Amino acid sequence: MSAHAVPGAAGDAGAARADDEARALLPASAPGSDHGDAGSSSGGEEEEDLEERAFEASEKVLVSISDDPDADADLEAQLASSSGSPPFSWRKLWLFTGPGFLMSIAFLDPGNLEGDLQAGAAAGDTLLWLLMWATAMGLLVQLLAARLGVATGRHLAELCRDEYPDWARRALWLMAEVAMVGADIQEVIGSAIAIKILSNGYLPLWAGVVITALDCFIFLSLENYGVRKLEAVFAVLIATMAVSFAWMFTDTKPNGKDLLIGILVPKLSSKTIRQAVGVVGCVIMPHNVFLHSALVQSRKIDPKKEYQVREALRYYSIESTVALAISFMINLFVTTVFAKGFYGSKEAGSIGLENAGQYLQEKFGGGFLPILYIWGIGLLAAGQSSTITGTYAGQFIMGGFLNLRLKKWLRALITRSFAIVPTIIVALFFDSSDALDVLNEWLNVLQSIQIPFALIPLITLVSKEQVMGVFRIGRKMQAVTWTVAALLITINGYLLLDFFSSEIRGPLYGSILCMAVLAYASFVLYLILRGTEISNQMIVAIRKRLS
């Protein structure tokens, strides 16, 4: 008996009850995965084997402070028995570094870069403050996704599969797949445009799409060498973007005073409201929320050990903040370059990814390396990295919602096919700047529609004690997150209203749109109210009327 144990049967019973209460406050484990129960049957183990996992145990990165396993075991025993926080370790921060940078690539994909350059050309530096705060809102959402994944040991798609009834689960899966395919088309097209630029137009857009599609197999070969090798490749791609766009920033010599005013002083005019909505709307990518909740499970963390979860959340928070700070700087470089070159010019209203490089070349020329090719290199790094993370996200979404135990290469092939086939069709029929701009508007609308179907389940789940245990967010944080979600949904609603009011004409199309909006709003309302007292009272009232 421990020196701290209470002697006697009553004391033992009290200690047992205390242990049960402490365990009850920890997140619930996946079905069949209660490894704390010594009497679990072989049937439970077989059920666990049938569960889809983001990462197999052999694929996870071992997180340790030193190279001595005995020393780490002693330290873990001390931390488990104490209530204090573990000491900060640069080595551990390095070992946890990776998932946040993969997540940050969604903030740097070609769709975001196009939003940046159009905001700079149309509004100058006046929307930089909004870019900063939009990135901060994105950080909050991604930290919640990481919290969910670490505390439960399961990612958002898996938890949605258990949380919602079959019809709602299938609807959420369909929405997530549509959002992912829409983002992937933009990313692949962006990469194909970069290949066209770097080949001096020798390779047409459809050829760039086919070349980009092959990154699926590169991705698979990298994954076989371990997740850390894959993270290193993404670090190189992010560094390439940073160097390319910083080079452009230095070459164009933007006004430092205007830049600081743009960051610190909020300004918004009626003429730039559309660009402002685009800046905020590009920040939250629905598939990225699913991705980050899965990526954080690449480290060997036991969600049943509270100190391990707290430590992981601490390091992931630091890493994600640094990663998004870097992504903010890269987006700032792009915005200020196009603000310097094209704000107030006649070209400002017609710049897109397809013609941006040529406009830059005509405006700034080139010294040692022409600015056209610097832009092409940065765009290629953005496109290649984001298409690979899109494949990754697609695997987790499909596997989590449908619980498919498919080989990773097969899931990646299916996921890649969903995006590549429509993208090749797009490349063949939309091989012009104006057509691609129209397509990009429709794809932005498509992704804006999907935002509530990632945000609402995320906030609902991280607020539930049955799911999160002691790591459930408090009432104040719930108020903040629901406010941010409402703001993002309202802003994207404005984008949708503005878009459809100019595109949809005639009573027939108007009626169809009204019916679609009604069905959409009803599903969003269902997700928000599900499980609340209001919804329970409504269900009881409906049942009484029907009985």
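This is a predicted model: local features need pLDDT of at least 70, side-chain atom pairs count only at pLDDT 80 or more; totals for chains, interfaces and linings use all residues.
Student: What kinds of secondary structure make up the chain?

Tutor: The chain has 25 helices and 0 strands. Of its 547 residues, 50% count as buried.

Student: What makes Lys92 and Glu311 a salt bridge?

Tutor: The closest N and O atoms of Lys92 and Glu311 are 2.7 Å apart. The cut-off is 4 Å between a side-chain nitrogen of Lys or Arg and a carboxyl oxygen of Asp or Glu, so the pair qualifies. Lys92 sits in helix α4 (residues 90-96) and Glu311 in helix α16 (residues 306-342), and 219 residues separate them, so the bridge links distant parts of the chain. The structure holds 10 salt bridges.

Student: Are Lys92 and Glu311 buried or exposed, and how do you know that?

Tutor: Buried means under 20% relative accessible area. Lys92 has 7%, so Lys92 is buried. Glu311 has 6%, so Glu311 is buried too.

Student: How do you know that Arg530 and Glu163 form a salt bridge?

Tutor: Their closest N and O atoms are 3.1 Å apart, and that value is within 4 Å, so the pair counts. Arg530 lies in the loop between α24 (507-529) and α25 (533-546), while Glu163 lies in helix α8 (residues 156-163), so the bridge ties together parts 367 residues apart in sequence. Glu163 and Arg530 also belong to a network of salt bridges that includes Lys464.

Student: What makes Lys196 and Glu354 a salt bridge?

Tutor: The closest N and O atoms are 3.3 Å apart, which is within 4 Å, so this pair is a salt bridge. Lys196 is in helix α9 (residues 166-198) and Glu354 in helix α17 (residues 353-364), so the bridge ties together parts 158 residues apart in sequence. Lys196, with a relative accessible area of 22%, is partly exposed.

Student: Why is helix α21 called largely enclosed?

Tutor: Helix α21 (residues 452-462) has 11 residues and 11 of them are buried, so the helix is largely enclosed by the rest of the structure. Among the buried residues are Pro452, Phe453, Leu458 and Val462.

Student: Which residues have the most contacts inside the largest nonpolar core?

Tutor: That core has 138 residues, and those with the most contacts inside it are Leu148, Phe245, Phe338, Trp375, Tyr392 and Leu458. Leaving aside neighbours within four places in sequence, Phe245 is in contact with Leu113, Ile330, Phe333, Val334, Trp375, Gly378 and Leu379.

Student: How many of the contacts in the chain join residues at least 24 apart?

Tutor: Among contacts between residues at least 6 apart in sequence, 84% join residues at least 24 apart.

Student: What makes the nonpolar surface patch, and which helix gives the most to it?

Tutor: Trp206, Val210, Val421, Ile425, Leu428 and Phe429 make a nonpolar surface patch of about 630 Å². The elements giving two or more residues are α10 (205-213) and α19 (408-429). α19 gives the most, with 4 residues.

Student: Are Cys160 and Cys514 buried or exposed?

Tutor: Cys160 has 0% relative accessibility, which is under 20%, so Cys160 is buried. Cys514 has 55%, which is over 50%, so Cys514 is exposed.

Student: Why is Gly399 called buried?

Tutor: Its relative accessible area is 0%, under the 20% limit, so Gly399 is buried. Gly399 lies in helix α18 (residues 371-402). The C-alpha atoms of Gly399 and Arg411 are separated by 8.1 Å, and the two residues are 12 residues apart along the chain.

Key. Residues are numbered from 1 along each chain as its sequence is written. Side-chain values use heavy atoms; hydrogens and water are left out. Buried means under 20% relative accessible area, exposed over 50%, partly exposed in between (1.4 Å probe, protein chains only). Contact means heavy atoms within 4.5 Å. A nonpolar core is a set of buried Ala, Val, Leu, Ile, Met, Phe, Trp, Tyr and Cys residues joined through side-chain atoms within 4.5 Å. Patches are made of residues with over 30% relative accessible area and no salt bridge: like charges are joined within 9 Å, nonpolar side chains (Val, Leu, Ile, Met, Phe, Trp, Tyr) within 5 Å. Accessible areas come from the Shrake-Rupley method with a 1.4 Å probe; for residues, only the protein chains shown count as cover.
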